[in-house]
Amino acid sequence: MGHSAAGEPGLIANVVNDTLEFYRWTWSIRDKRVDDWPLMQSPFPTMTIGTLYLLTVWLGPKWMKTREPFQFRSLLIFYNFGMVLLNFYIFEELFMASRARGYSYICQSVDYSDNEYEVRIAGALWWYFISKGIEYLDTVFFILRKKFNQISFLHVYHHFTMFTLWWIGIKWVAGGQAFFGAQINSFIHVIMYMYYGLAACGPKFQKYLWWKRYLTIMQLIQFHVTIGHTAMSIYIDCPFPKWMHWGVIFYATTFIVLFGNFYYRTYKMPKQPVKNGKITNGIVANGISKPENGLVVENGKKQKKAKGE
């Protein structure tokens, strides 16, 4: 017992020293170009913003419970089309600068130099990281509009982890292989926010928004492509951090499971019986659900369907 008690402080000291040594080593290989960029000096501002986001997800619905929902139509139009422009800028910068620099889509190591195009790529990736923080407003708007059914585990997991984990990406690999996933994702977000922007314009645009399910399909394809691209990088021993490669594969796999489950529940679950020549599917969307028995549930109140509806 005495030997164990004496050895325990030594073991703890070794663990602490090894941890500090690992921290110093990882900090020494960071991308020093981004040291003075906003939010990049330390992980704590990003972690603080993420924590406030989770608190908002928890407390926001409680605060809104007794309040009337906000409308925000003009603000939502401005926000969504603003995100279209921001994501298009990120996509355009990554595409043009990587092309000018001769980037490979098969294997591209990180160049930490101050080359004009490398700095443009790093800058676009930083804006990509910032855009994930701005996307926290998606959830805030859902809460204030009392669209609580939209705030699923997938929604919160996606938003929280993207902003938090991309801080790591910018801090250590603001270039190289990292450009590929951000380029694909920003392109998909151009289309996604275009959809939300048009939806915010009002009911007259609903007939043009039949393609929502294809957004989910595009996202699922994106995750499969990301896994394939990363696995190939590992296979050919591309000079890019291996721990990051494996992390990306694991992360993309979680999205395939979650988005796949969402797609199945939303578009593939067995439909309810046909009523009056129409199929009612029981799926809740934007606070309105259509169950069987000819009842429409809207804003928590049951109303009989109008004849011929």
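The following conversation goes through the predicted model of a protein, from its overall make-up to single residues.

Q: What should I know about the model before we start?
A: The model is predicted, so local features need pLDDT of at least 70 and side-chain atom pairs count only at pLDDT 80 or more, while totals for chains, interfaces and linings use all residues. Residues are numbered from 1 along each chain as its sequence is written, and side-chain values use heavy atoms, with hydrogens and water left out.

Q: How many helices and strands are there in the protein?
A: The protein has 9 helices and 5 strands. Both are DSSP runs numbered from the N terminus, helices being H or I with at least four residues and strands E with at least two. Along the sequence the pattern reads α-α-α-α-α-α-α-α-α-β-β-β-β-β.

Q: And how many of its residues are buried?
A: Of the 309 residues, 38% count as buried. Buried means under 20% relative accessible area, exposed means over 50%, and partly exposed lies in between (1.4 Å probe, protein chains only).

Q: Which residues touch the most other members of the largest nonpolar core?
A: They are Leu 94, Leu 125, Phe 129, Trp 166, Ile 170 and Phe 255, in a core of 61 residues. A nonpolar core is a set of buried Ala, Val, Leu, Ile, Met, Phe, Trp, Tyr and Cys residues joined through side-chain atoms within 4.5 Å. At least two residues of this core come from each of H2, H3, H4, H5, H6, H7, H8 and H9.

Q: What does Leu 125 touch?
A: Not counting residues up to four places away in sequence, Leu 125 touches Leu 94, Trp 166, Ile 170, Val 173, Ala 174, Gly 175, Ala 178, Phe 179 and Ala 182. Contact here means heavy atoms within 4.5 Å.

Q: How do H4 and H6 pack, then?
A: Helix H4 (residues 116-134) and helix H6 (residues 153-172) pack at an angle of about 160°, and their axes are 8 Å apart. Axes are lines fitted to C-alpha atoms, for helices over the stretch in contact, and angles run from 0 to 180 degrees between N-to-C directions.

Q: New topic: where is Thr 46?
A: Thr 46 is in helix H2 (residues 44-64). Thr 46 counts as buried because its relative accessibility is 1%. Leaving aside neighbours within four places in sequence, Thr 46 is in contact with Leu 39, Phe 129, Phe 163, Thr 164 and Trp 167.

Q: What about H5, is it mostly covered or uncovered?
A: H5 is mostly covered, with 7 of its 9 residues buried. The buried residues of H5 pack against H2, H3, H4, H6 and H7.

Q: What comes just after H5?
A: Just after H5, Lys 146 takes a positive phi of about 60°. Lys 146 lies in the loop between H5 and H6, and its 27% relative accessibility makes Lys 146 partly exposed.
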